[in-house]
Amino acid sequence: MEQTLWGLPDPDTQPEFYTGVPSKRLVAFFIDSVIIVVLCVLALPFTAFLGLFFFPLMYVVIGFAYRTVMLARNSATLGMMAMSIEVRDGQGRTLDLPMAVMHTGAYSALVISIFFQIGSIVLMLSTPRAQGLHDYVLGTAVINRAA
């Protein structure tokens, strides 16, 4: 696995790229959750308020679209931008659309199970690159943005 990450900053020689990333990811998650709820509420009139009956499904669909578009355009969601972090692939590049879809899909699949979430949190707190389970599988990492 280490071979595919040759483009990411080395956590031993450049630890500043990974300092504080897990806590920043948590805050970014809450910021993005609020943004997604606001987007869902704004979409309600366009569903003739029938969206109230399937609000959780609407949250999942709008959240998937929001995360995918933001990662494909900026390699970060608005919450991540507010926290000055971004996602990079194993070669150190920003995410393109196919990788953004895979990253969002893997993240969404992990959210389903508390056991996967716990495993992801343990990895973020214990691996040198602070990678979640979906990051580890895809060879991506969240890093602090360069100044």
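Colleague: Which helix supplies the largest share of the lining of the largest pocket?
Modeller: This is a predicted model, in which local features need pLDDT of at least 70 and side-chain atom pairs count only at pLDDT 80 or more, while totals for chains, interfaces and linings use all residues. Residues are numbered from 1 along each chain as its sequence is written, and side-chain values use heavy atoms, with hydrogens and water left out. A pocket is an open set of points on a 1 Å grid over the protein atoms alone where a 1.4 Å probe fits, with protein on both sides within 12 Å along at least five of seven lines, and its lining residues have an atom within 4 Å of a point. Eight residues, the largest share of the lining of the largest pocket, come from helix 1.

Colleague: What is the volume of the largest pocket, and which residues are closest to its centre?
Modeller: Volume is the space filled by probe spheres set on grid points joined across faces, edges and corners, and for the largest pocket the value is about 560 Å³. Helix 1, helix 2, strand 1, helix 4 and helix 5 (114-126) each give at least two residues to the lining, helices (H or I, at least four residues) and strands (E, at least two) being DSSP runs numbered from the N terminus. Of the 26 lining residues, the closest to the centre are Arg 25, Leu 26, Phe 29, Tyr 107 and Met 124.

Colleague: How many residues of the lining of the largest pocket are charged?
Modeller: Ala, Val, Leu, Ile, Met, Phe, Trp, Tyr, Cys and Pro count as nonpolar, Asp, Glu, Lys and Arg as charged, and the others, Gly among them, as polar. On this basis the lining of the largest pocket has 16 nonpolar and seven polar residues, and the number of charged residues is three.

Colleague: Which helix gives the most to the lining of the second largest pocket?
Modeller: The second largest pocket holds about 240 Å³ of space, and its lining includes Phe 29, Tyr 59, Arg 67 and Tyr 107. The lining divides into eight nonpolar, three polar and one charged residue. With five residues, the element that gives the most is helix 2.

Colleague: Which residue forms a salt bridge with Asp 135?
Modeller: The structure holds five salt bridges, each a side-chain nitrogen of Lys or Arg within 4 Å of a carboxyl oxygen of Asp or Glu. In the pair that includes Asp 135, the closest N and O atoms are 2.8 Å apart. Asp 135 lies in helix 6 (residues 133-138) and the partner lies in helix 1 (residues 21-43), 110 residues apart. The partner is Arg 25.

Colleague: Is Arg 67, which meets Asp 32 in a salt bridge, buried or exposed?
Modeller: The two side chains meet at 4.0 Å, N to O, and the pair links Arg 67 in helix 2 (residues 55-74) with Asp 32 in helix 1, 35 residues apart. Buried means under 20% relative accessible area, exposed over 50% and partly exposed in between (1.4 Å probe, protein chains only). Asp 32 has 2% relative accessibility and is buried. Arg 67, at 12%, therefore also counts as buried.

Colleague: Which residues are linked with Glu 86 in a network of salt bridges?
Modeller: Glu 86 is buried, at 6% relative accessibility, and its side chain meets that of Arg 88 at 2.9 Å, N to O. Arg 88 is partly exposed, with a relative accessible area of 21%. The residues linked with Glu 86 in the network are Arg 88 and Arg 145.
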